[in-house]
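The tour below moves from one pair of residues to the next.

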Amino acid sequence: MTARKAQRTARLIHLLSERRVIHLSEAAMLLGVSEMTVRRDIATNQGQIAFLGGHILAAAEIDTDAPYELATAADSHAAAKREACLHAVRKIRPDETIFIDCGTTLIHLIDLIPDDYRITAICYAMNVAERLTRKANVTIIMLGGVYHPASASFSGTHDFDILKSVGINAAFLSAAGVDAKRGATCEHFHEAVVKQKVMGLARENYLVVDSSKIGKLKRAFFSAMDGFDAVITEHGEVGPESFQPPA
């Protein structure tokens with residue numbers, strides 16, 4: 001390892017000790033090198049540093065029993081999430097207004113929106129907003145408030161008046177747990193507040209999840225299953241019998 005690479009690695013490890021998770025682009029800026037150089041540094045230090053979904057974190061942070069973090073969720077069941085969004089994107093129509101929830105599943109939905117569709121998209125998560133900026137014909141309405149790094153989302157009720165003034169044709173919701181009896185749940189209570197508000201205003205509500213969420217129950221409840229016009233997984237639209245945990 002060269003002296004410069006060793007210095008960069010030490011600096012990156014120090015940054016992670018302070019912040020736990022850092023985005024690749026920000027790390028490159030702070031280190032004064034290209035993103036490709038940072039990727040190479042990570043590849044030669046996999047025992048100390050990990051790279052997931054555009055985010056960098058200490059290798060020790062990767063633990064299947066660890067609390068939900070946006071960075072560690074990004075690559076989890078990615079193929080199934082994309083398949084679910086392939087079914088969900090059919091619900092998006094041009095010249096309408098949609099809501100896109102936080103998390104890592106619906107990022108794939110944004111990528112699948114046809115480039116010639118002129119739509120308005122409401123969101124409250126940084127990773128969702130950033131992805132939407134790549135769509136030239138999308139008008140973005142971003143709900144602000146207090147920032148929560150774990151889910152890259154915002155909380156606060158002062159922007160709810162904006163929601164009331166916008167006609168939402170379709171809301172695309174995510175969940176960390178889907179249970180036949182208890183309904184749809186998520187990890188963070190501030191997310192549940194936004195989800196419930198949006199569902200009360202939208203004309204159509206679609207829950208988009210991969211099947212790994214079925215049978216799970218998380219701490220923040222936001223809707224009974226009959227609150228959705230459809231539940232969409234990688235298998236397409238599914239009925240109530242699909243909400244049971246796998247045998």
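What follows is a walk through salt bridges in a predicted model.

Begin by selecting Glu204 and Arg93, which form a salt bridge whose closest N and O atoms are 3.0 Å apart. This pair links distant parts of the chain, since Glu204 lies in strand 12 (residues 204–208) while Arg93 sits in the loop between helix 5 (78–88) and strand 4 (97–100), 111 residues apart. Glu204 has a relative accessible area of 14% and therefore counts as buried, whereas Arg93, with a relative accessible area of 29%, is partly exposed. Now extend the selection to Glu96 and Arg203, because Arg93, Glu96, Arg203 and Glu204 are linked in a network of salt bridges.

Next, select Asp111 and Arg131, where a salt bridge brings the closest N and O atoms to 2.8 Å apart. Here again the pair links distant parts of the chain, with Asp111 in helix 6 (residues 107–112) and Arg131 in helix 7 (residues 126–132), 20 residues apart. Asp111 counts as partly exposed, its relative accessibility being 34%.

For the last stop, select Glu130 together with Arg134, a salt bridge in which the closest N and O atoms are 3.0 Å apart. Glu130 has a relative accessible area of 38% and is partly exposed, while Arg134, at 53% relative accessibility, counts as exposed.

Terms used:
Residues numbered from 1 in each chain as written. Predicted model: local features only at pLDDT ≥ 70, side-chain atom pairs only at ≥ 80, totals over all residues. Heavy atoms only, no water. Salt bridge = Lys/Arg side-chain N within 4 Å of Asp/Glu carboxyl O. Helix = DSSP H or I, 4+ residues; strand = E, 2+ residues; numbered from the N terminus. Buried < 20%, exposed > 50% of the residue type's maximum accessible area, 1.4 Å probe, protein only.
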